[in-house]
Amino acid sequence: MAGNPTAPSHEIITIPSYGEGGRDLLKEQCFAVRIAVFSDEQGFPLDTEIDDADETAMHILLRLTPSLEPIGTIRGHKPPGKSYYKLSRLAVLKDYRQHRFGCALVLALHDWVTRDARRASAELGLNGASVEVVCHSQIPVKAFYAKFGYVPEGNEFDEDGAPHQKMVARLPLQFSS
């Protein structure tokens with residue numbers, strides 16, 4: 001899934017980790033994109049947009065260059081006590097969706113997940129073949145996630161007043177010998 005060559009000049013950055021300098025300002029830029037998409041555009045309640053996972057989650061921000069205008073974001077985290085990672089809060093401002101920035105953000109998140117899972121596995125002396133990534137897809141965008149190998153699991157459910165589907169991808173982990 002190559003990028004769109006006609007896309008405006010942009011950068012994708014991983015927000016510094018919890019406790020590192022610069023995190024709060026960049027995280028606020030992620031929040032601004034999410035609020036514009038989920039609350040302002042799609043009508044989800046503002047009080048559900050920022051949650052407890054945001055404090056320690058990994059955030060990725062897509063900005064135009066050279067203006068550094070934030071136009072896209074995605075969040076990933078490993079829920080405490082779980083063996084999977086969770087992809088959430090993928091948002092691209094409406095005027096920029098035709099440039100495949102959503103694809104670029106999912107691929108950036110997958111890169112982070114595989115790096116983090118390899119590091120964690122190495123620390124524990126494990127050699128797992130894959131890592132599971134879960135997302136709760138809004139029903140109209142299930143096909144988007146399917147392009148990345150996500151498959152539906154279970155029944156559709158309501159999340160914040162809209163129908164969603166749990167979708168799961170298993171990303172291969174290649175360990176060098």
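Two strands are taken as paired if DSSP finds at least two bridges between them. Strands (E, at least two residues) and helices (H or I, at least four) are DSSP runs, numbered from the N terminus. The model is predicted: local features need pLDDT of at least 70, side-chain atom pairs count only at pLDDT 80 or more, and totals for chains, interfaces and linings use all residues. Residues are numbered from 1 along each chain as its sequence is written, and side-chain values use heavy atoms, with hydrogens and water left out.

The chain has 3 helices and 7 strands. From the N terminus on, these elements run β-α-β-β-β-α-β-α-β-β. The C-alpha trace spans about 45 × 40 × 35 Å along its principal axes. A compact globule of 177 residues would have a radius of gyration near 16 Å, and the chain agrees, with 16 Å. This radius is taken over C-alpha atoms; the globule rule is 2.2 Å times the number of residues to the power 0.38. Buried residues make up 42% of the 177 residues. Buried means under 20% relative accessible area, exposed over 50%, and partly exposed in between (1.4 Å probe, protein chains only). Contact means heavy atoms within 4.5 Å. Among contacts between residues at least 6 apart in sequence, 63% join residues at least 24 apart.

The 7 strands form an open sheet with mixed pairing, in the order E1-E2-E3-E4-E5-E7-E6. Strand E1 (10-14) and strand E6 (151-159) stand at the edges; each has a single partner strand, so one side of each is left without a neighbour in the sheet. The twist averages 20° from one strand to the next. Axes are lines fitted to C-alpha atoms, for helices over the stretch in contact, and angles run from 0 to 180 degrees between N-to-C directions.

Strand E4 (residues 85-92) pairs with strand E5 (residues 130-138) in the parallel sense, over 2 bridges. Here Tyr-85 has Val-133 of E5 as its bridge partner. Helix H1 (residues 23-41) packs on the sheet. H1 touches E1, strand E2 (58-64), strand E3 (70-77), E4 and E5, and its direction makes about 75° with that of E2.

At the other end of the strand order, E6 pairs with strand E7 (residues 162-172) in the antiparallel sense, over 6 bridges. Val-151 stands opposite Val-168 in E7. E6 and E7 form a hairpin with 2 residues between them. In the turn, Asp-160 has a positive phi of about 55°.

His-110 lies in helix H2 (residues 101-124). This histidine is buried, with a relative accessible area of 8%. Residues up to four places away in sequence aside, His-110 touches Phe-148, Tyr-150 and Leu-171. The side chains of His-110 and Tyr-150 make a polar contact (2.8 Å). A polar contact is a pair of N or O atoms within 3.5 Å; within protein, one must be able to donate a hydrogen and the other to accept it, and residues adjacent in sequence count only if both atoms are side-chain atoms.

For Cys-30, the nearest cysteine sulfur is that of Cys-135, 18 Å away. Cys-30 is buried, at 0% relative accessibility. For Cys-135, the nearest cysteine sulfur is that of Cys-103, 13 Å away. Cys-135 is also buried, at 1% relative accessibility.

How values were computed. A disulfide is a pair of cysteine sulfur atoms within 2.5 Å.
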